[in-house]
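I opened the model today and kept notes as I went. The entries follow the order in which I looked things up.

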There are 2 protein chains.
Amino acid sequence: MILIKRALLSVHDKTGLVPLARTLSEIGCELISTGGTRKALEEAGLSVTDISSVTKNPEAFGGRVKTLSFQICGSLLFDRKKDSAEASRLGIEPLDLVVCNLYPFQKVWERGASLPELIEEIDIGGVTLIRAGAKNFAGVAVVVDPQDYESIGKELISTGGRLALETRRRLMRKAFHHVADYDAAISVAMDQQDGQESLRLSFTDGAPLRYGENPHQKARVYRKSSSFAPFVALQGKELSYNNYLDLQSAVDTVAGLSRPACAVIKHTNPCGIAEGDSLKRLLEVAWEGDPTSAFGSVIAFNRPLGEHDLACLELDHTDKSRRRFVEIVVAPEFSKEALSYMAHATNLRAVVHTRQGSATDVDLRLLDGLLLRQDRDSAAEESLSDKTNRPVDPSISGLIRFGINAVRQVKSNAIVIVRALADGTFQLLGMGSGQPNRVDSVRLAVRKARENLEREARDQALSMETHVTTELTRAVLVSDAFFPFPDSMDACSEAGVRTIIQPGGSIRDQAVIRRCDELGLSMAFTGRRHFKH
Amino acid sequence: MILIKRALLSVHDKTGLVPLARTLSEIGCELISTGGTRKALEEAGLSVTDISSVTKNPEAFGGRVKTLSFQICGSLLFDRKKDSAEASRLGIEPLDLVVCNLYPFQKVWERGASLPELIEEIDIGGVTLIRAGAKNFAGVAVVVDPQDYESIGKELISTGGRLALETRRRLMRKAFHHVADYDAAISVAMDQQDGQESLRLSFTDGAPLRYGENPHQKARVYRKSSSFAPFVALQGKELSYNNYLDLQSAVDTVAGLSRPACAVIKHTNPCGIAEGDSLKRLLEVAWEGDPTSAFGSVIAFNRPLGEHDLACLELDHTDKSRRRFVEIVVAPEFSKEALSYMAHATNLRAVVHTRQGSATDVDLRLLDGLLLRQDRDSAAEESLSDKTNRPVDPSISGLIRFGINAVRQVKSNAIVIVRALADGTFQLLGMGSGQPNRVDSVRLAVRKARENLEREARDQALSMETHVTTELTRAVLVSDAFFPFPDSMDACSEAGVRTIIQPGGSIRDQAVIRRCDELGLSMAFTGRRHFKH
């Protein structure tokens, strides 16, 4: 504990200043202050020592030099144990507290200020006070954030004017964050003024993960500074590196859909998606998109989850072999009953995700000595432009939007086949991902769709070929990028798919359209590619 | 231009100090200095003004306060246009040059110093001098890097003691980089002392890319601060975002192989790889891994590229339809002849890549408000452990290593089939990537391998089934992660594959091994998973 007998206050943001100063005054602390800060304190009726009477210098050069002096820097920096005799020889009294925040450089920069304006916002004295006080936290407390004034005030009152080492140390770390952020902004802004682009990123609250993508890779997760906590685990075992990757894909997939929706994610690819009315039915429908792969998946919903919505997982079935194994369920909210039901599966995690726009706006990739940074591929309405003799049925535009949202989340080359069920539910019926050529992805999506339809026909005792043909005729195939050759049109036609949506943009678009016309297929272009790697 | 009449020198790193000071002295500049710096200059026979005679204060508190003073800060900060009269009233003469570098905080931190040691390395005076001089670059030059001394000395001599605005501005930006890096290190180190993990990353030389993964996404590429330039384009059109992603995969794939090697990359997945002797033959063999997908690929080599190594691309064929379209060739070096040959394809890029160890050691992923950071999945020897009644043939361990290196680069779930040709060349014969379940990836790899072998039999007029069977019997199938069910063993056996390598680790390993024994397959475990998402 140190007793706070002498405090220097020099703040740009005056929020909360007076109540803190009043507390300091009440505990008998001398207040030393500069320019505008002094004025604010005196107007509140507080007695203030002018900085000039300490430094023995005037405030000079339009305020550029106010606190910077041998006396003030010495008061902050001398070692309270070793240097006390020297300090009193030099007539330097200790300063025990610095309350300081800086010129608002970031704000002025963001509103596009000119270089001369920016230069005036580069705080020299304030940064020196903060850094000096923080360095000497053994004897000094430094407060940079008005949000801390209340707790500091309380501690001062409850201790008779003292601040604990623990408090000073916490404040010291915050002070160094503050100046590191400040100088990062100045450095990037000055580069920008000279047409140089630099990037300084800051992350906090690092925590070790058990391992990375594989057990021999060490990994950590950090929070983006000043950002919300996006994934909050309510129950189940710890989240892994791969869980986080899947969670992001899962949430991205359902966030792009306006009606209630469910997505089933495996290795970052959606293998099941459904959009419609009841979450309970949507999980059943999504699961049927790939019932083999859905085991061990991450499942996302875009609506609060209720008691019976996960019923088809049969987590409480007495025959354990009937229970469906899932890694994570993520939703904006869980009812108490939903959580109790999930607790039947010991390791199953319930994760809350509340999407907030701005936190998700960039992608980063670190390569050998390089960083790639891009805007996220955010959801956007696509406008369709018919290309074939047979136009695309305008009544299925909702289904097409569903398909485009799905294909955006599948690793390239990506193909999805989607359909509308009788009750208006949309379903991902088959997907082809990660193939080095497009026609292989078409074949994968078709095979998965056929598999699902054949199983459905068996389960419902329908005529297999009739069912498969009817459903594929009504389905839509969506491609994430253009078809480079007409071969995929033949694969679609052979499979019985009649409607194709793609961005277009190949030098062979005309050949592809011609082949559609020859085969009697409908095709529309979106004009927007959705590669994802 | 400003005339440098008065300079303050205060450096921790004394490299190159004396020659610069001598130049300053020769042009008639007054040298002001502190402690150790002054001693070094005086020993070199230079005349130095002691800082105390300027500040009118002693160097105090064991050196904690030397330069910090109203006089020095004023000398650096006053506006040369507006404040000159005030400065002379206050007896403050301008300082025109600051030569300063800081206590080596980063170095002391890296060697694991204690908190008290770290605190002594937090430079307060130096940071203040640098920041004050940089803010006032209109009238002051700040030199923080001994590497700049020579060019500064030359400019001073050639201009009769002056430094240009452009020079001062460039130095100003470097000065703010220096203090931003310094305070970033302090902030992270102080957090670490309190068990908090934070991360501050810095990137420079940002340049816009035409777009990101897709045309509607804005993107930039940055250099990792103080890192080498890893990908240098010698000719061809500009590199795109997706090119960079593919380049990284391409280089990673061949870097893990010790013999000469070639890899063909599409959408970040290798669809062809070969390791052997001559690059010319390796490209032919790699291309045959997937001759459909190889069009539009990125091709990497791990040896300097000579005149005829790209011959099979037929870039100069008079029949343009015979020319093979490739996006990029990347290699550690290109001969002049190789570049001339490549110039036949207008847009084809030649990219030099020199891998240097430490730049490539971490992966970053930015999610909603989170950053994931992990060690790269670096190459490492795997030790094989036989699991089946039929042991894996120990003579094929080289081929197995080749297969493991290949599967590491394929997006999960990943399966590769590899074989050794008669001349000892290893070839990727088939790969399955990006599937949500493992047996689908097995089926993809098998189908691609069969396709390739059937084409080979046709081309060489061999008996198709005999050729396919013989080759698959001698091939090795490698999986990036364990087989969760025995179904993949049946798929292997049906295809004729007899040797399987996988990490193991499933709760059903015993059932998988049993199934191998029933089918007469050989299987070994590596104990090391290689997921890549």
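**Conventions**

I am working on a predicted model, where local features need pLDDT of at least 70, side-chain atom pairs count only at pLDDT 80 or more, and totals for chains, interfaces and linings use all residues. Residues are numbered from 1 along each chain as its sequence is written, and chains are lettered from A and ligands numbered from 1 in the order in which they are written.

**Domains of chain A**

I looked up the division of chain A. It has domain 1 (2-193), domain 2 (229-358) and domain 3 (383-525). The bounds come from an automatic or database domain assignment. I then checked the C-alpha centres of domain 1 and domain 3 of chain A, which lie 65 Å apart.

**Helices α1 and α9 of chain A**

I took helix α1 (residues 17-26) and helix α9 (residues 149-158) of chain A next. Helices are DSSP runs (H or I, at least four residues) and strands likewise (E, at least two), numbered from the N terminus. The two axes are 10 Å apart, at an angle of about 10 degrees. Axes here are lines fitted to C-alpha atoms, for helices over the stretch in contact, and angles run from 0 to 180 degrees between N-to-C directions. That angle makes α1(A) roughly parallel to α9(A). The classes are roughly parallel under 35 degrees, roughly antiparallel over 145, roughly perpendicular from 65 to 115, and oblique for the rest.

Which residues of α1(A) meet α9(A)? I found Pro19(A), Leu20(A) and Thr23(A) on the α1(A) side. On the α9(A) side they meet Tyr149(A), Ile152(A), Gly153(A), Leu156(A) and Ile157(A). Contact is counted when C-beta atoms, placed from the backbone, lie within 7 Å. Nonpolar covers Ala, Val, Leu, Ile, Met, Phe, Trp, Tyr, Cys and Pro; charged covers Asp, Glu, Lys and Arg; the others, Gly among them, are polar.

**Helix α4 of chain B**

I checked burial along α4(B). Eight of its eight residues are buried. Phe70(B), Ile72(B) and Ser75(B) are among them. The cut-offs are 20 or more other C-beta atoms within 10 Å for buried, 12 or fewer for exposed, and partly exposed in between, with C-beta atoms placed from the backbone.

I then paired α4(B) with helix α8 (residues 125-135) of chain B. Their axes are 8 Å apart, at an angle of about 30 degrees. α4(B) and α8(B) are therefore roughly parallel to each other. Cys73(B), Leu76(B) and Leu77(B) of α4(B) make the contact with Thr128(B), Leu129(B), Ala132(B), Gly133(B) and Lys135(B) of α8(B). I sorted these residues into five nonpolar, two polar and one charged.

**Chain B against chain A**

I looked up the contact between the chains. On chain B, 111 residues are in contact with 111 residues of chain A. Helix α10 (residues 165-193) of chain B gives the most to the chain B side, with 13 residues. That side has 47 nonpolar, 33 polar and 31 charged residues.

**Backbone checks**

I noted a cis peptide bond between Ser412(A) and Asn413(A), with omega about -15 degrees. Asn413(A) is in the loop between α14 (397-408) and β19 (415-420) of chain A. In chain B, the bond from Ser412(B) to Asn413(B) is cis, with omega near -15 degrees.

Thr268(A) has phi near 70 degrees, positive in a residue other than glycine. Its loop runs between β11 (261-266) and β12 (269-275) of chain A. Thr268(A) counts as buried, because it has 25 C-beta neighbours inside 10 Å.

Lys56(B) is not a glycine, yet its phi is positive, about 65 degrees. Lys56(B) sits in the loop between α3 (51-55) and α4 (70-77) of chain B. Is Lys56(B) buried or exposed? I have it as exposed, with 11 C-beta neighbours inside 10 Å.

**His353(B)**

I ended on His353(B), in strand β15 (residues 349-353) of chain B. His353(B) is buried, with 23 other C-beta atoms within 10 Å. Leaving aside neighbours within four places in sequence, its contacts are Pro230(B), Phe231(B), Val251(B), Val330(B) and Pro332(B). I also checked Phe301(B), which is 52 residues from His353(B) in sequence and 9.7 Å away, C-alpha to C-alpha.

Technical notes: Two residues are in contact if their C-beta atoms, placed from the backbone, lie within 7 Å.
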